[in-house]
Amino acid sequence: MDIQQLCAVLQGCLSANQEERKAAEALLKQHELSKGHVPNLLRVAGEPTVNISVRQVASISFKQVAKKYWESEKENAPMLAADDKQLVRDNLLEAIIRAPHIIQSQLSEVMTTVVYCDYPQAWPGLLETVMAHLTSSDHGRMYGGLLVLRVLTRKYEFRDDEERAPLGPIINASFPVLLSLMQQLSADTSSSQQIAEFMKLICKIFWSATFMSVPDILLQQEQFSGWMMCFHQAMRRPLPWDQLRASLDDRRKWIWFKALKWVLHITYRLFNRYGEPRLCNAGSDQQFGQLFETHVSSQFLEDQLHVLHPLAAGQYLSPRVSNLALQYLTRAIELKGTYKQLKPHVDGLLNQVVLPLLCFDAEDAELWEEDPQEFVRKGYDVLEDMLGTKTAAGNFVSTLAQKKPKTHLPPLMARLVEVMNAHAAAVKAGNVPVELARQMDGAMLAIGSLSNTLKTRVRREHIWRDCGICRSLVPATLRPARLSAWEEALLC
């Protein structure tokens, strides 16, 4: 099947006529292993003069055939011809660079398949080609190079030391170039979304390359200082809030939040793993931990507080960004040095960020009205527990009470009792404002997070005697005469 015939068949796959569509799909399937078919699919997918819908069908078919026949674990199983594979390797990266995003995403999946099967043995020149694109002045080529470099590093993300041997040359060749690019992005004060997209992709590469251990290149002062400064600048970078859309889904997908999320991913993992050098493995891990503790730990803590500032000011912040920043601060409570630095900020953090995050909010109200069953299911969702803001806020409260009970538990409980007393008075008056009802929900969730601490004998006697929390909580669980369905649900 030549190119023109192939385009006609791919067009037939889009036909509204079911018989024509099935016939075209069957013809494609029939030619899956025909010599030259897979390179032709790639050619159509990457050809800018072809209709975009036809190119999309070609890219999807190309991806499916590559995943199915590029390599097989079964002996004598059908596979693509060696010549066709070589043609794909020779042209795939260029096609990714030139393709629009809708096609690029499909071709990137093929790149993942090919890299996982062929690199470095059957594709030894790929890294050199990628580096040439990274040093290009053309943004499209740079982005294509970053996409492939992400695939290369991700291949070795979870491998053991022996299997990760090919990652060393990748890191040594790419990290200086990536750092230079990241520094250029940090210096650019424009609000272009392309900057956020590049930053996100570089952070994902850094994440995969450093997942199992610290590479030796990061122990070099220039590299260490350069990368840590870039992460600091990314957390301090003013976000272009005027670009934030009104739709909740669009807000969560905002590229600037995604870029910031990956920076926070990296900084939390570095702090969690290397924030206490005496617990690090001897060697490069301990050396990196000492550098991190001496030069970075204090600054990163201030940066996390800065990231959460929009919440304190009443602005929107994506749940994942809030979650990761709170995880960092929760870990900071457990370490002597960082807790000393965090201590003056704790009261403000609790009242302006943590307790409001525990409250029933507008998003919860919308879900409750539209789908009460989904609202209940979400409360027991393991993934939501890992990624949600309420869980992160609850963990912060719980850790604070467990590690520093004498300093922070009494004022925290006094605040919660104040909310419950105000709610009880409003119920008695027959008029409970929505905002107060939501605060009551947050207060009860906070008490639930504190359950392990409050169950100890000494704490229980103190809370009963001084705070009177039981005297406030028990009446709240009784069913008043004028409760909405949602209020009944949260109290029960």
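Rings of Phe, Tyr and Trp count as a pair if their centres lie within 6.5 Å. I started from that cut-off and went through a predicted model.

**Entry 1: the aromatic cluster**

I looked for groups of paired rings. Phe224, Phe271, Tyr274, Phe288, Phe292, Phe300 and Tyr328 form one aromatic cluster. The structure as a whole holds 21 aromatic pairs.

**Entry 2: two pairs in detail**

I first took tryptophan 241 and phenylalanine 257. Their ring centres are 6.1 Å apart with 65° between the planes, and the pair is edge-to-face. Tryptophan 241 lies in the loop between α11 and α12, and phenylalanine 257 lies in helix α13, so the pair ties together parts that are 16 residues apart in sequence. I then checked accessibility. Tryptophan 241 has a relative accessible area of 26% and is partly exposed, whereas phenylalanine 257, at 1%, is buried.

Phenylalanine 271 is in helix α13 and tyrosine 328 in helix α16, so the pair ties together parts that are 57 residues apart in sequence. Both phenylalanine 271 and tyrosine 328 are buried.

**Entry 3: glutamine 304**

I wanted to know where glutamine 304 sits and what it touches. Glutamine 304 is part of helix α15, which runs over residues 297–312. Its relative accessibility is 0%, so I logged glutamine 304 as buried. Its side chain makes a polar contact of 3.3 Å with the side chain of threonine 267. Leaving aside neighbours within four places in sequence, I found glutamine 304 in contact with Met235, Leu264, Thr267, Leu324, Ala325, Tyr328 and Leu329.

**Entry 4: charges over rings**

I noted two cases. Arginine 251 lies over the face of tyrosine 316, at 5.2 Å from the ring centre. Lysine 404 lies over the face of tyrosine 339, at 4.4 Å from the ring centre.

**Entry 5: helix α9**

At 1.5 Å a residue its 21 residues should span 30 Å, and the end C-alpha atoms are 29 Å apart, which agrees. I also found a bend of about 35° at serine 174 in α9, with proline 176 following within four residues.

Which residues of α9 are buried? I listed Leu167, Ile170, Ile171, Ser174, Phe175, Leu178, Leu179, Leu181, Met182, Leu185 and Ser186. Serine 174, where α9 bends, is on that list. The cover over the buried residues of α9 includes α7, α8, α10 and α11.

Definitions and conventions
Residues numbered from 1 in each chain as written. Predicted model: local features only at pLDDT ≥ 70, side-chain atom pairs only at ≥ 80, totals over all residues. Heavy atoms only, no water. Helix = DSSP H or I, 4+ residues; strand = E, 2+ residues; numbered from the N terminus. Buried < 20%, exposed > 50% of the residue type's maximum accessible area, 1.4 Å probe, protein only. Polar contact = N/O pair within 3.5 Å; in protein donor to acceptor, adjacent residues only side chain to side chain. Contact = heavy atoms within 4.5 Å. Phe/Tyr/Trp six-rings, centres within 6.5 Å; stacked < 30°, edge-to-face > 60°. Lys NZ or Arg CZ within 6 Å of the ring centre and 35° of its normal. Expected span 1.5 Å × (residues − 1). Bend = angle between axes of the 7 residues up to and from the residue.
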